[in-house]
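This briefing is intended to be read alongside the sequence and the three-dimensional structure. Please consult both as each topic is taken up.

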Amino acid sequence: MTLSIIIVNYNVKYYIAQCIDSVMQAIDGLDAEIIVVDNHSSDGSVSFLRKNYPNVRIMASSHNLGFSRANNIGIKRAEGEYILLLNPDTIVQKDTLKECIAFMDEHSDCGALGVCQRHPDGSRAMESRRGLPTAMTSFYKMSGLATRFPKSRRFAKYYMSYLSWEEINEIEVISGAFFFARKEAIMAAGMLDEDYFMYGEDIDLSYCIKQAGYKNYFLPLDILHYKGESTTKSSFRYVHVFYQAMLIFMSKHFSSMSMFLRMPIQLAIYLKASIALCSTLSHKIKKMLGFSGSHKTDNIYYIFVVSKDNLESCRTIANDNALDAEFITLAPEHSNDLIKQINHHKFQEKKGHSFIVYDLSVFSFSQILNKFATTPYDNVYLGTYNPERKLIITHFECFTEIE
């Protein structure tokens with residue numbers, strides 16, 4: 001078998017369904033398998049996936065194993081020469097996986113590769129490519145020098161922002177949201193370190209693959225990453241797990257570092273964690289006292305670009321959920337023309353957030369992603385409508401037709 005796609009799920013059944021839909025289009029014609037490891041979801045994910053995706057291998061844990069351990073379970077059962085560790089809140093384009101396989105086939109020195117992750121507004125995610133968080137690299141990032149000198153190979157190594165986004169480049173760290181690797185390279189690296197419950201395991205695995213004699217690459221291919229749908233980044237648990245992962249990596253790989261270099265980095269990590277916890281606590285207290293509302297639901301505007309057959313369903317969902325919306329209808333044969341004509345500037349004039357919701361019976365995932373990748377604007381985000389499930393997905397909420 002050529003490829004095994006492993007997706008760890010935790011309470012995001014609609015996002016993982018859309019992810020699987022995009023993956024199925026991408027593996028058409030490939031000898032591939034999809035493996036889902038569910039970390040004891042409570043939203044009905046397992047029964048939903050088993051009912052709707054009988055050809056996907058579903059493994060349901062009786063408790064939350066964490067990201068590393070769950071992925072390792074999938075890797076052990078994977079039959080593919082290549083492994084893709086994929087987040088459930090992503091969408092891949094039709095040719096993405098084929099191009100990754102072709103690159104791997106042509107570059108025997110490549111142990112793992114990553115791609116360009118796009119946010120729902122079309123902007124690039126800086127973590128798509130990174131350098132190892134050595135003492136000095138971490139210091140330059142935490143001190144702000146990396147941001148001030150983004151083209152400096154010395155100061156900006158954390159996000160490697162001096163590299164072109166349009167070219168293939170050798171990098172050091174692959175993002176765990178899309179981690180495409182040779183299975184033999186993962187095994188040589190010792191698989192994912194299960195000391196990491198969540199976060200940091202991708203840095204560790206990237207480092208170990210390089211230590212095993214392979215190279216890591218960045219390919220200029222676009223995917224969508226909603227980023228963080230299965231975690232709440234304002235929670236105490238997130239803050240603890242994220243910064244704990246940084247400390248694990250430091251102690252594991254830089255334990256021989258002199259105290260003079262190690263202590264300032266560890267203190268900076270503790271300081272950032274403390275600030276994040278204080279900010280989280282302040283937000284929770286304000287919310288409890290009624291002094292702050294959710295910015296997600298203030299001044300949101302939707303435009304639905306749908307087929308005539310799906311107009312009424314979308315209108316019903318919009319009305320049932322009190323969405324401020326307008327509708328554009330079209331025939332599928334006109335999708336290429338219309339997607340070029342949609343002017344995001346119109347939505348920037350609206351105060352707050354705007355969503356363009358594309359009908360998946362008319363537009364392909366590739367059409368939608370390419371539109372947002374070529375014309376990213378602030379506060380204008382993509383959404384999708386799945387007519388089969390009568391489901392609308394945005395980066396912070398899902399809507400279904402009320403029966």
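Which residues line the largest cavity? In this predicted model, the lining consists of Y14, A17, Q18, D21, L360, T384, N386, R389, L391 and I393.

**Largest cavity**

- The structure contains two cavities of 30 Å³ or more, and the largest has a volume of about 40 Å³.
- Helix 1, strand 13 (380-386) and strand 14 (391-393) each contribute at least two residues to the lining of the largest cavity.
- The most is given by helix 1, which supplies four residues to this lining.
- By class, the lining of the largest cavity comprises five nonpolar, three polar and two charged residues.

**Second largest cavity**

- The second largest cavity has a volume of about 30 Å³.
- Its lining is formed by F67, L85, G176, F179, L192, E201, D202 and L205.
- Helix 8 (residues 201-211) gives the most to this lining, with three residues.
- The lining of the second largest cavity divides into five nonpolar residues, one polar residue and two charged residues.

- Seven of the seven residues of strand 1 (residues 3-9) are buried, so the strand is largely enclosed by the rest of the structure.
- In a regular strand, side chains alternate between the two faces of the sheet.
- Strand 1 is covered on both faces: L3, I5, I7 and N9 are buried on one side, and S4, I6 and V8 are buried on the other.
- Strand 1 pairs with strand 4 (residues 82-86) in the parallel sense, over five bridges.
- On the strand 2 side, I6 stands opposite I35.
- A right-handed β-α-β unit is made by strand 1, helix 1 (residues 13-26) and strand 2.

**Residue A60**

- A60 is located in strand 3 (residues 57-60).
- Is A60 buried, partly exposed or exposed? With a relative accessible area of 44%, A60 is partly exposed, because that value falls between the cut-offs of 20% and 50%.
- A60 and N9 are separated by 51 residues in sequence, and their C-alpha atoms are 9.5 Å apart in space.
- N9 itself belongs to the buried residues of strand 1.
- With neighbours within four places in sequence set aside, A60 is in contact with D38, V46 and R50.

**Helix 8**

- How many of the 11 residues of helix 8 are buried? Nine are, and the helix is mostly covered.
- The buried residues of helix 8 are E201, D202, I203, D204, L205, S206, Y207, C208 and I209.
- Among them, E201, D202 and L205 also line the second largest cavity.
- Just after helix 8, G213 adopts a positive phi of about 105°.

Technical notes
Residues are numbered from 1 along each chain as its sequence is written. This is a predicted model: local features need pLDDT of at least 70, side-chain atom pairs count only at pLDDT 80 or more; totals for chains, interfaces and linings use all residues. Side-chain values use heavy atoms; hydrogens and water are left out. Buried means under 20% relative accessible area, exposed over 50%, partly exposed in between (1.4 Å probe, protein chains only). Two strands pair if DSSP finds at least two bridges between them. A crossover is right-handed if, with the strands pointing away from the viewer, the path from the first strand over the helix to the second runs clockwise. On a 1 Å grid over the protein atoms alone, a cavity is a set of points where a 1.4 Å probe fits but cannot get out, and a pocket is an open set with protein on both sides within 12 Å along at least five of seven lines; lining residues have an atom within 4 Å of a point. Grid points are joined across faces, edges and corners, and a volume is the space filled by probe spheres set on the points. Ala, Val, Leu, Ile, Met, Phe, Trp, Tyr, Cys and Pro count as nonpolar, Asp, Glu, Lys and Arg as charged, and the others, Gly among them, as polar. Contact means heavy atoms within 4.5 Å.
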